[in-house]
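Dear colleague,

Please find below the structure that I am handing over to you. My notes on it follow directly after.

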Amino acid sequence: MSISDQVSMEAHLSLVLDTVDGAIDYKGQPAIRSKSGSWKSARFIIGVEVAERVAFYGIQTNLISYLTGPLHQTTVTAAENVNIWTGTASLLPIFGAYIADSHLGRYTTIIIASLLYVVGLGLLTLSAMLPSLTNSECKVGNEFTSCPPRVQVILFFVSLYMVAIGQGGHKPCVQAFGADQFDEQHPKEYKDRSSFFNWWYFTMCAGCMVTLWILNYIQDNLSWVLGFGIPFVAMIIALLVFLLGTMTYRFNIQGNDSSPFLRIGRVFVAALTNWRTNLSSSAIEEEHGEIVPHHNYDQQFNFLNKALLAPNDSKEKETCRHSEVEEAKAVLRLVPIWAASLVYGIVFAQSPTFFTKQAVTMDRNIFPGFDIPAASLQTLPLTGIVLFSPIYDRLFVPIARAITGKPSGITVLQRIGTGLFISIFAISIAALVEMKRLKTAQESGLVDDPNATLPMRIFLWPGPK
């Protein structure tokens, strides 16, 4: 063997040893650790998420002001429309995840969802540009005012729900695709993966906080066309940034297994079909032709183990695998977390509706000629996240890691529980503020107009009235 051939073989062996198991690059070749993934890819993905969140929250945070303003809807109707749209946008990621996992993959789903996003935001901007085509009047409360043309309203809601569809494909894939860039089997990348989520959230909140202060002011004081146009441009930039990072991405190798939705659904169907069948470990061992440790079947949700048995009238004797049954059990274990999250969703839904309308009643004047936009007060939680995230990642996590021995410091479940606990105080304070506001309105003789503007000091500290 010549020296050149030996050097070539050593270089090839080095590349083989540096590959990431279960991952390929954009050319379909085994992903090289030093040339792909990790923070090289994560920076692009974080940039995409920042631009997408700016686009989404640029619409959501001040949506009620647009509905009660240019579209002349009542507060009740506007709040209902905001909640329906937000709820739809929150449910659609389930279908986006299904499409990504079962058919298109995360990368392709993100691109298609981004294109839908761009089209939806473009049409939304166009709807705000439409001139009034009618002089008809409609009654809003006790007053008559000019109504927006029907074509504008239709185009607005069509584009609004197109944005929700785009977000439904974008949201479940971007963060998961970012996690795919870190190898869990590699010690350093496993730790970096935990930091990725912290910095991903920090950067997203920082970008949204700065942008929304500017964007909400533009929407309230300058132009809704410009206020919708900026998210439109931001989403175009997000798509371009995502495409620029293509050569650095790692892609998971798609297996031959069916969709997780189909696998889990099949387990529940099989368990219901066999609900009258007596379950025993010996029957399962006989069915599968192998001895299975007994402890696999004395855990919770035992009724799902009946999916391991073939129906009595089945000719093909098809049964579910052990791994599929465990997947179904894992989904059921998530139900309490989902149920608790629904309660948090009630709290979270108040920000773009009730909290924003509550802020409208405040005196938000900082200096003559400048009022803080009511929707911009929603950035205060983002400010807290921006300030706390570096402390959490650089101070709290290392200390917690030394105590618990976990790379992430504390578990995700502990983080969720802490957030739910803090939300109790947040909604309690909001209720006390509203009680104080209504009481002050009554004492000031504004019983008939409880939404009248009151000095902000009333909500911040006790003082002379």
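For the helix pairs below, axes are lines fitted to C-alpha atoms over the stretch in contact, and angles run from 0 to 180 degrees between N-to-C directions. Please bear in mind throughout that this is a predicted model.

Overall composition

The protein has 15 helices and 7 strands. Of its 465 residues, 38% are buried. Taking the contacts between residues at least 6 apart in sequence, 72% join residues at least 24 apart.

Helix 11 and helix 14

Two packed helices are described by the angle between their axes and the distance between the axes. Helix 11, which covers residues 322-348, packs against helix 14, residues 412-443, at an angle of about 30 degrees, and the two axes are 10 Å apart. Because angles under 35 degrees count as roughly parallel, helix 11 is roughly parallel to helix 14. Their crossing is left-handed. On the side of helix 11 the contact is made by I337, A340, Y344 and V347, while helix 14 contributes L413, I416, L420, S423 and I427. By class, the residues of this contact comprise 8 nonpolar, 1 polar and no charged.

The buried residues of helix 14 are S423, A430, V433, E434, R437, T440 and A441.

Helix 5 and helix 6

The second pair consists of helix 5, residues 106-129, and helix 6, residues 150-180; their axes come within 7 Å and cross at roughly 155 degrees. Since angles over 145 degrees count as roughly antiparallel, helix 5 is roughly antiparallel to helix 6. Helix 5 passes helix 6 in a left-handed crossing. The contact of helix 5 with helix 6 contains 21 nonpolar, 10 polar and 2 charged residues.

Individual residues

Q219 lies in helix 7, residues 187-221. Its relative accessibility is 2%, and Q219 therefore counts as buried. Leaving aside residues up to four places away in sequence, Q219 touches G58, N62, W224, G227 and F228.

V241 belongs to helix 8, which comprises residues 224-244. With a relative accessible area of 24%, V241 is partly exposed. V241 and A51 are 190 residues apart in sequence, yet their C-alpha atoms are 9.5 Å apart in space. Again leaving aside residues up to four places away in sequence, V241 touches F44, V48 and Y249.

H72 is located in the loop between helix 3 (63-68) and helix 4 (75-104). Most residues other than glycine have a negative phi. The phi of H72, by contrast, is near 60 degrees, a positive value in a residue other than glycine. H72 has a relative accessibility of 24% and so counts as partly exposed.

With kind regards

Notes. Residues numbered from 1 in each chain as written. Predicted model: local features only at pLDDT ≥ 70, side-chain atom pairs only at ≥ 80, totals over all residues. Heavy atoms only, no water. Helix = DSSP H or I, 4+ residues; strand = E, 2+ residues; numbered from the N terminus. Parallel < 35°, antiparallel > 145°, perpendicular 65-115°, else oblique. Left-handed = near helix turned anticlockwise from the far one by under 90°. Contact = heavy atoms within 4.5 Å. Nonpolar A, V, L, I, M, F, W, Y, C, P; charged D, E, K, R; others polar. Buried < 20%, exposed > 50% of the residue type's maximum accessible area, 1.4 Å probe, protein only.
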